[in-house]
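Okay, thanks for coming, everyone.

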There are 2 protein chains.
Amino acid sequence: MRMVNLAGAQLGPIQKDESREQVVRRMLALMDEAKAKGADLIVYPELALTTFFPRWYMEDQAEVDRWFEREMPNAATQPLFERARSYGMGMSFGYAELTPEGRHFNTSIIVDRDGQIVGKYRKVHLPGHAEYDTERAFQHLEKRYFEPGDLGFPVWRTMEGVFGMCICNDRRWPETYRVMGLQGVEMVMLGYNTPSVNSQKPEEGLEQRMFHNRLSVQAGAYQNATWVIAVAKAGVEDGHPLFGGSLIVDPDGTIVAEATTEADELIVHACDLDATVFGKTTIFDFKRHRRIEHYGLICSQTGAVPPA
Amino acid sequence: MRMVNLAGAQLGPIQKDESREQVVRRMLALMDEAKAKGADLIVYPELALTTFFPRWYMEDQAEVDRWFEREMPNAATQPLFERARSYGMGMSFGYAELTPEGRHFNTSIIVDRDGQIVGKYRKVHLPGHAEYDTERAFQHLEKRYFEPGDLGFPVWRTMEGVFGMCICNDRRWPETYRVMGLQGVEMVMLGYNTPSVNSQKPEEGLEQRMFHNRLSVQAGAYQNATWVIAVAKAGVEDGHPLFGGSLIVDPDGTIVAEATTEADELIVHACDLDATVFGKTTIFDFKRHRRIEHYGLICSQTGAVPPA
């Protein structure tokens, strides 16, 4: 057994006028609770430090850049790194990254138990749109404010296992999990900010949207025999509801922990990374069963091309 | 709206000594019931004409070949083709195919409403093993008796829609649906023979195995915005139980019909192929959202290679 005592730190809403320092205080409180519960790894949501700003249409780049971090750690997040190290706790969280070259990414990092950043991921599957859309109930401008990630889906051998990351909409794409599965991933950590309402189909309803969240995460876990933890930012941000439902899924696709609120809430589960072995060596032993000679379209063709 | 009145014709067990003619009579009875319920397309399981013979270890190739069809239609299946044509009903079923060149495939066909075979699929993801395995509770020798399919995952424009097929274990692999999704598939038809017991993990239990079936089919439907119909051969064949749970899933991933027995049983649903449009033009508009530059491993590497 290779046990990871895993904590998912769902965050309730962050309003537009809340400072990073205020948010970090909430994150530290969840970290203290995780420590009290024996956790040695804590996962926070996508864009954990601010409100989900891509819902706001902005034309002034200086206004946009206020939501981005120019270095990590920085003054606001240094206390997170320090406390995690003092606890011997690994950590992952998401933030908006502005590089020295002026590039913008929706990023998450993995920090080991010594407080070192050992991995960085930049969101590949940006949802939404780039220009103001008059037909939506509200805006979702990730394609405006971020470039698609340029790092692929790497994995890292750290904390006695093989860890990977993805972010929010990535979790709906089976390619995300499979690329990591082909690198032997044992734990996928992801955060999300997902509106409770489909801006293009308001009648869809919250339950169906939470079903899609669970379905995507459970299928990714089962089909790659990996643990997956998915952590929400939830609740009503500046009038816009995000759903909760943070969950931990085992390598058989079963939900083992799930949040019940839309507030700051910790979920904890003791995960055995060796529980991935059975699936990886039987039904999902890729080497014996995959037939890449028939998968070509997946990598050669972006859009759907129906027959004539 | 482009309506398909779809029937899934689950078959109960077929014992080793049952003839194809006996089985075809059962299939015809289900077709009659489908006609009475207004169906215009009926889907039968994998290897619909015989018992699931890959559970039996055979060394004599002549004994193996008795389970295969040398032509389609043939004398035993001709009545199916005739009645389907007389009803103006499309049809799909699976059978073991022995080609004139002596090749063996686990095959399914799609027959249009005029009784013409318009498409053939040969199972790509063969589960199980090729040699007698003393460590399993029972044998699953598909890799012994069949070659992997050589036709990829084609789709066909027929019956006013875009149709594809896969078979049994294919449904657990997201690549299966994605290759068809990239060709605009609107309806995936699949049959299965799935043991109620995991031969390598007897404690797994029936409920978990049915959960994996639903999870795989629902994720494939949702993530490609396609209808999927999955039809079982079920019940106890020569002492070996197969599970039922045939189901129809809509392009939003929701189960709309599900069998409740392990016997011959018809499930019916009126499917609007235009219900695929919303997903295919929004969250799963592949052209806008897929990032093939990061998917390379899926097509270049068969097995998993963990980091050093």
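Let's begin at the interface. Between chain B and chain A, 38 residue pairs are in polar contact, with both residues at pLDDT 80 or more; a polar contact here is a pair of N or O atoms within 3.5 Å, where within protein one must be able to donate a hydrogen and the other to accept it, and residues adjacent in sequence count only if both atoms are side-chain atoms.

Quick housekeeping. This is a predicted model, where local features need pLDDT of at least 70, side-chain atom pairs count only at pLDDT 80 or more, and totals for chains, interfaces and linings use all residues. Residues are numbered from 1 along each chain as its sequence is written, chains are lettered from A and ligands numbered from 1 in the order in which they are written, and side-chain values use heavy atoms, with hydrogens and water left out.

Back to the contact. Which parts of chain B touch chain A? β6 (155–158), α5 (174–181), α6 (206–224), α8 (286–289) and α9 (296–300) of chain B each give at least two residues to that side. The helices (H or I, at least four residues) and strands (E, at least two) are DSSP runs, numbered from the N terminus. α6(B) brings the largest share, 9 residues. Sorted by class, that side of chain B has 30 nonpolar, 25 polar and 14 charged residues. Nonpolar covers Ala, Val, Leu, Ile, Met, Phe, Trp, Tyr, Cys and Pro, charged covers Asp, Glu, Lys and Arg, and the others, Gly among them, count as polar.

In total, 69 residues of chain B are in contact (heavy atoms within 4.5 Å) with 68 residues of chain A. Together the chains bury about 6,200 Å², 62% of it on carbon and sulfur atoms; that's the accessible area (1.4 Å probe) that two parts lose on being put together, summed over both. Trp173(B), His294(B) and Thr302(B) supply 11% of what chain B buries against chain A, more than any other three residues.

How many salt bridges are there between chain B and chain A? There are 4, each a side-chain nitrogen of Lys or Arg within 4 Å of a carboxyl oxygen of Asp or Glu. One example pairs Glu175(A) with Arg178(B), with the closest N and O atoms 2.6 Å apart.

Now the fold. Chain B has an open sheet of 6 strands with mixed pairing, in the order β5-β4-β3-β2-β1-β14; two strands pair if DSSP finds at least two bridges between them. β5 (117–122) and β14 (265–272) of chain B sit at the edges with a single partner strand each, so one side of each has no neighbour in the sheet. From one strand to the next, the twist averages 25°.

Zooming in, β3 (residues 90–98) and β4 (residues 104–111) of chain B run antiparallel, joined by 8 bridges. Ser92(B), for instance, has Ile110(B) in β4(B) as its bridge partner. β4(B) and β5(B) are antiparallel too, with 5 bridges, and they form a hairpin with 5 residues between them; Gly115(B) in the turn has a positive phi of about 80°.

Last, some backbone details. Met72(B) and Pro73(B) are joined by a cis peptide bond, omega about -5°, and Pro73(B) is in the loop between α2 (61–65) and α3 of chain B. Met159(B) isn't a glycine, yet has a positive phi of about 50°.

Key
Axes fitted to C-alpha atoms, helices over the stretch in contact; angles between N-to-C directions.
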